[in-house]
Amino acid sequence: MTILVIGRQGQLAQSLAAAGRADVVCVGRPEADLTDAASLARVVERVQPKAVINAAAYTFVDKAESEAAACYAANRDGPAELARLCAARGIVLIHISTDMVFDGEKAGPYHPDDLPAPLSVYGQSKLDGERAVAQACPHSLIVRVQWVFSEHAGNFVRTMLTLAQTRDEVTVVNDQLGYPTYCPDLAAGLLKMADSAVQPGFAKWGIYHLAGTEATDRARMAEAIFAESAMMDGPVARVKGVPTADYPTPAKRPLNARLESLKAFDTFGIRMPDWRAGLKRSVRVLVNELAKAEG
Ligand SMILES: NC(=O)c1ccc[n+]([C@@H]2O[C@H](COP(=O)([O-])OP(=O)(O)OC[C@H]3O[C@@H](n4cnc5c(N)ncnc54)[C@H](OP(=O)(O)O)[C@@H]3O)[C@@H](O)[C@H]2O)c1
C-alpha cells in the first residue's frame, strides 16, 4: 500500500520521509498545492494511495492575522478538497491539526472532545479545516499536535540555537505550557495510525491528540536546548523568562496548550517517547549544521 504525504519541505513531511519506509511518497508544491484543487486530484490519481497524510498547512501563526484569505485557503479549503477526493475513492485521510484550536483556559490537559475556542485566525482556520474534513470524509482521522521540534526545517530548537549565535540573552515566555513533541516520534505514530486505519473493519474515525508526555514552558524548554548545546560546545544564551502579557504578538496563543494523548494510546497503542531524547538528537544535528554553515 502507498501512503501519500502532502508536503515535502516542512518539518513533519521531512520526518515522515526520514522514517525510511518505501511505501511513503511525499509530494510538495507545486505538484501538490492545497490551493490548487486540480493539482491535488492529479497527484491522488497518479499515486493511487491507500492513505493520505496531510502534512502541509499555512503555518505562519502571526502573519495569518493579516493574511486570513491565504490561511483559510490552505488550512480549510484545501483540506476540504482533499477530503472530498479521498471520500470519493475510499482513501483513508489523516489530517493534522493543532492545540491552537483551544483557548487555553482549561486547568488540565485537553481531551479530543473538549470544546474548541480558537484565539487566532490560524487557530480558527485549523478548526474550520477539521470540521470540513470530518464532514466530507467519514474515513478520516484528525490528529492534533503541538510544540513539534526536530532537526528538520524551521522550529523552536533551530530558532533558539540560531539566536544564540548572535545574542548573549534571549527573551522567552514562561507562562505558556505544552508538551514538546519530537517530530520523528510523531511521524512514527502517524504511520502506525495509517497502518491500522487501512485494515478492513477499522471504524475508530475521529479526532485524536498526539503529543509528548512531559509538560514544560517555553522558557524552560529554551534552557533545556542550551543545556544540551553547551555539552556539545554549541551556541548558548541566557534565557530571560517573561510573561506572555509582556511579550505581545499579533496572534494570541493559549497559555495552557497541553494535549492529552490517552485516546491514541487506547486505540492505536501509541505511547510517545520522552521528548528529551529527541531534543538531544535535534541539538546535536543542528549544532553540527550551524558550525558547518559558519565555516
Ligand atoms: N510545528 C508545530 O509546532 C505544530 C504545532 C501544531 C500543529 N502543527 C501542524 O502540524 C502540521 C505540520 O506542520 P510542520 O511543523 O511540518 O509545518 P512546516 O514545517 O511549517 O511545514 C508546512 C509545509 O506546508 C507547506 N505548505 C504551505 N502552504 C501550502 C499549500 N498551499 N500547498 C501545499 N503545501 C503548502 C509548506 O510548503 P513550502 O515548503 O512549499 O512552503 C511547508 O513545507 C501542520 O498541519 C501544522 O498546522 C504544527
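**Walking through the model**

Mentor: A right-handed β-α-β unit is formed by strand 1, helix 1 and strand 2, where right-handed means that, with the strands pointing away from the viewer, the path from the first strand over the helix to the second runs clockwise. Helices (H or I, at least four residues) and strands (E, at least two) are DSSP runs, numbered from the N terminus. This is a predicted model, in which local features need pLDDT of at least 70 and side-chain atom pairs count only at pLDDT 80 or more, while totals for chains, interfaces and linings use all residues. Residues are numbered from 1 along each chain as its sequence is written.

Trainee: How do strand 1 and strand 2 run, and how many bridges join them?

Mentor: They run parallel and are joined by four bridges; strands count as paired if DSSP finds at least two bridges between them. Within this pairing, isoleucine 6 stands opposite valine 27 of strand 2.

Trainee: OK, zooming out, how many helices and strands does the protein have?

Mentor: The protein has nine helices and 12 strands, and its C-alpha trace spans about 55 × 40 × 40 Å along the principal axes. The radius of gyration is 19 Å, which agrees with the value near 19 Å for a compact globule of 295 residues, the rule being 2.2 Å times the number of residues to the power 0.38, with the radius taken over C-alpha atoms.

Trainee: And what percentage counts as buried?

Mentor: Of the 295 residues, 48% count as buried, meaning that 20 or more other C-beta atoms, placed from the backbone, lie within 10 Å of the residue's own; a residue is exposed with 12 or fewer, and partly exposed in between.

Trainee: Switching topic, which residues come nearest to the ligand?

Mentor: Gln9, Gly10, Ala56, Ala57 and Thr98 come nearest, out of the 29 residues around the ligand, where a residue is near if its C-beta atom, placed from the backbone, lies within 6 Å. Helix 1 (11–18), helix 3 (68–89) and strand 4 (92–98) are the elements that give two or more residues to this shell.

Trainee: How do the shell residues divide into nonpolar, polar and charged?

Mentor: There are 13 nonpolar, 12 polar and four charged residues in the shell. Ala, Val, Leu, Ile, Met, Phe, Trp, Tyr, Cys and Pro count as nonpolar, Asp, Glu, Lys and Arg as charged, and the others, Gly among them, as polar.

Trainee: What about tyrosine 122, buried or exposed?

Mentor: Tyrosine 122 is in helix 4 (residues 121–136), and it counts as buried because it has 28 C-beta neighbours inside 10 Å. Leaving aside neighbours within four places in sequence, tyrosine 122 is in contact (C-beta atoms, placed from the backbone, within 7 Å) with Val61, Ala64, Cys71, Met100 and Ala251.

Key. Two residues are in contact if their C-beta atoms, placed from the backbone, lie within 7 Å.
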